Amino acid sequence: MRHAPIIGVIAASLALPAAATEYPSKRIVQGELKSRQCVTCHGMNGVSANPTVPTIAGQNAGYLMIQLHHFKEGKRYDERMTPVAQSLSEEDMDQLVAYFSGVTGGLEEDDAGY
Ligand code: HEC
């Protein structure tokens, strides 16, 4: 009986890493699904071939989140991007940012092409 709380703590700490690794991958999968509405402008995987649209692949997650909020709240305005940001929920943004900030493949491919 005296050991029960300690065993509980150990069991809880062992369970944490599994939960922590499952959570981001779900966000990324959802983000990838939702990113299909972004590729027309931002390019496949967020690597833009359009000089008037920024590449968002591999960008700092905090920066992407701030910019999405700025568009949504009107602190930053662009006739193409603002309506998109306004249609996104907090959950959409969280998942999209998790996905785009983690994309590096397209950038590496482009670099190798030169
Ligand atoms: C209709 C075209 C269009 C679509 C669709 C679009 N964007 Fe954009 N986005 C833009 C343009 C254009 C800009 C640059 C605006 C500016 O110059 O301020 C931009 C800027 C951004 C930025 C800021 C990047 C930076 O470097 O500051 C983020 C983040 C972003 N878009 C995310 C998204 C996401 C996520 C989606 C999909 C849900 C999306 N965009 C869909 C056109 C689009």
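A: Start with the axes: each is a line fitted to C-alpha atoms, for helices over the stretch in contact, and angles run from 0 to 180 degrees between N-to-C directions. One thing to keep in mind is that this is a predicted model.

Q: Ok. At roughly what angle do the axes of α3 and α5 cross?
A: They cross at roughly 140°. The two axes come within 9 Å. Helix α5 covers residues 90-102.

Q: Which residues make the contact?
A: From α3 there are A61, L64, M65 and L68. From α5 there are M93, V97, F100 and S101.

Q: How many of those are nonpolar, polar or charged?
A: The contact of α3 with α5 has seven nonpolar residues, one polar and no charged ones.

Q: Let's zoom out. How many helices and strands does the protein chain have?
A: Six helices and zero strands. Along the sequence, the pattern reads α-α-α-α-α-α.

Q: What share of the residues is buried?
A: Buried residues are 16% of the 114 in the protein chain.

Q: New topic: the ligand. Which residues come nearest?
A: C38, C41, D78, R80 and M81, out of 18 residues around the ligand.

Q: Which helices supply at least two residues of that shell?
A: α2 (39-42), α3 (61-73) and α4 (81-86) each do.

Q: How do the shell residues divide by class?
A: Into 10 nonpolar, five polar and three charged.

Q: What about N45, where does it lie?
A: N45 lies in the loop between α2 and α3. N45 has a positive phi of about 60°, although it is not a glycine.

Q: Is N45 buried or exposed?
A: N45 is buried, because 22 other C-beta atoms lie within 10 Å and the cut-off is 20 or more.

Q: Last one, V29. Which helix is it in?
A: V29 is in α1, residues 4-34. V29 has 13 other C-beta atoms within 10 Å, so it is partly exposed.

Q: How far is V29 from Y99 in space?
A: 7.4 Å, C-alpha to C-alpha. In sequence, V29 and Y99 are 70 residues apart.

Note on methods:
Residues are numbered from 1 along each chain as its sequence is written. This is a predicted model: local features need pLDDT of at least 70, side-chain atom pairs count only at pLDDT 80 or more; totals for chains, interfaces and linings use all residues. A residue is near a molecule or strand if its C-beta atom, placed from the backbone, lies within 6 Å of it. Helices (H or I, at least four residues) and strands (E, at least two) are DSSP runs, numbered from the N terminus. Ala, Val, Leu, Ile, Met, Phe, Trp, Tyr, Cys and Pro count as nonpolar, Asp, Glu, Lys and Arg as charged, and the others, Gly among them, as polar. Two residues are in contact if their C-beta atoms, placed from the backbone, lie within 7 Å. A residue is buried if 20 or more other C-beta atoms lie within 10 Å of its own, exposed if 12 or fewer, and partly exposed in between; C-beta atoms are placed from the backbone.
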